[in-house]
Amino acid sequence: ACRGGAMAESPGALRRAGNEEFRRGQYGPAAALYTRALALLEASGTGGPGGGRPEGGRTPVEPLCRLCPGAGDAAAEERSVLLANRAACHLKDGACSLCVADCSRLPKASSSLALNLSRDGASTASLGSLLCVCWHPSFLSRCWLRARNEFSVSSRMTKALLEKDGTNWRQKLPAIPSVPVSAQMRWSVPSAAAPGANTPPATAPRGEPGENQAAAGTERARTLKEEGNELVKKGNHKKAVEKYSESLKLNQECATYTNRALCYLALKQYKEAVQDCTEALRLDPKNVKALYRRAQALKELKDYKSSIADIKSLLKTEPKNTAALRLLQELNRA
């Protein structure tokens, strides 16, 4: 067994852990793991063409998609797999710009696809001249089909409106509705520095002031959490912690605690990760992510007994959770 977190610092191990998160539908955490693996490759000087071989010279295995034969140097191949896998995460999360950015970093050695949508009546300039370059044709097909379908819907709607109302169809569209009060108050969370600066608009319906402030706080907390999620996908865990912390000041939510715990794990702040998972379990005693991430943190803190207890509690809810079963095996060997 690898002790002291040595396995966690291997690009191959991080990639395999990312693959497991991807299969479970946890695309944000998977992208974060791939980002850490890429950072390790670059730091060791093996992340580019001509670099050394990762994992002690062993050829990487278990990519999400099979690479074409003759992919070249193992280190470059490892980097390509990580970029393609992270791009797949971004695609699943709808972060098309990040997906394209990762695809564009791949070597132009196997397959390429230009997303030319002019035949669908859309402007390629509006897409920023998107160019996906990827190792695997099936991945390119998913990118192409997704973009094509989105613009096909827009084209069909435009065609239907032209047939119904003619070339002046835009003038016949209904008026844009007024902005809801909840949206107006989105950035109007009262603060001690400006107690009267965020008075609700005059058009707001009458009601209890406390209710309006609570709704605004909840909405702001949700926005901050989403901003933190985007930072995690980019690998900026330190900044994500700040966003999650601001969100938790407004609304204590289980998912926000588990997300911040994930960041603390990436930053090797294991005690803080344990505390956040404990808070999450206070809100949801059977939360799988909280149990798993606390077990990971406790393992790094050498508290194997408590870590095993958390994994066993998790397996009562999800007996076939492969990530938990694998961690339990590692703990039993520790």
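**Entry 1: the second largest cavity**

I began with the lining of the second largest cavity, whose residues I sorted into 1 nonpolar, 1 polar and 4 charged; here Ala, Val, Leu, Ile, Met, Phe, Trp, Tyr, Cys and Pro count as nonpolar, Asp, Glu, Lys and Arg as charged, and the others, Gly among them, as polar. The model is a predicted one, in which local features need pLDDT of at least 70 and side-chain atom pairs count only at pLDDT 80 or more, while totals for chains, interfaces and linings use all residues. I kept the numbering from 1 along each chain as its sequence is written, and side-chain values use heavy atoms, with hydrogens and water left out.

The residues that line this second largest cavity are Glu21, Arg24, Gln26, Lys289, Tyr292 and Arg293, and the space inside it comes to about 30 Å³. For the search, a 1 Å grid was laid over the protein atoms alone: a cavity is a set of points where a 1.4 Å probe fits but cannot get out, a pocket is an open set with protein on both sides within 12 Å along at least five of seven lines, and lining residues have an atom within 4 Å of a point. Grid points are joined across faces, edges and corners, and a volume is the space filled by probe spheres set on the points. I noted 2 cavities of 30 Å³ or more in the structure.

Helix 11 gives the largest share of the lining of the second largest cavity, 3 residues, where helices (H or I, at least four residues) and strands (E, at least two) are DSSP runs numbered from the N terminus. At least three lining residues come from each of domain 1 (9–43 + 74–106) and domain 2 (218–333), with bounds taken from an automatic or database domain assignment.

**Entry 2: the second largest pocket**

I then turned to the second largest pocket, which has a volume of about 200 Å³. Its lining is made of 14 residues, and Gly28, Pro29, Asn229, Asn259 and Lys289 lie nearest its centre. Two or more lining residues are given by each of helix 2 (27–43), helix 7 (209–233), helix 9 (254–266) and helix 11 (288–300). By class I find 5 nonpolar, 5 polar and 4 charged residues in the lining of this pocket, which draws at least three residues from each of domain 1 and domain 2.

Asparagine 259 is buried, because its relative accessible area is 15% and buried means under 20%, exposed over 50% and partly exposed in between (1.4 Å probe, protein chains only). Leaving aside residues up to four places away in sequence, asparagine 259 touches Lys225, Asn229, Tyr244 and Arg293, a contact being heavy atoms within 4.5 Å.

Threonine 256 is also placed in helix 9, and it counts as buried because its relative accessibility is 0%. With residues up to four places away in sequence again not counted, threonine 256 touches Lys225, Tyr244, Ser247 and Leu248. From C-alpha to C-alpha, threonine 256 and alanine 221 are 9.4 Å apart in space and 35 residues apart in sequence.

Is glutamate 226 buried or partly exposed? Glutamate 226 is partly exposed, since its relative accessible area is 36%, and its place is in helix 7. Its side chain is joined to that of arginine 222 by a polar contact of 2.4 Å; such a contact is a pair of N or O atoms within 3.5 Å, where within protein one must be able to donate a hydrogen and the other to accept it, and residues adjacent in sequence count only if both atoms are side-chain atoms. Glutamate 226 and threonine 256, 30 residues apart in sequence, have C-alpha atoms 9.5 Å apart.

**Entry 3: loops and the whole chain**

I looked up two lysines with positive phi in a residue other than glycine: lysine 268 has phi near 65° and lies in the loop between helix 9 and helix 10 (270–283), while lysine 302 has phi near 70° and lies in the loop between helix 11 and helix 12 (304–317). Lysine 268 is partly exposed at 48%, and lysine 302 counts as partly exposed at 45%.

For the chain as a whole I recorded 13 helices and 2 strands, with 42% of the 334 residues counted as buried.
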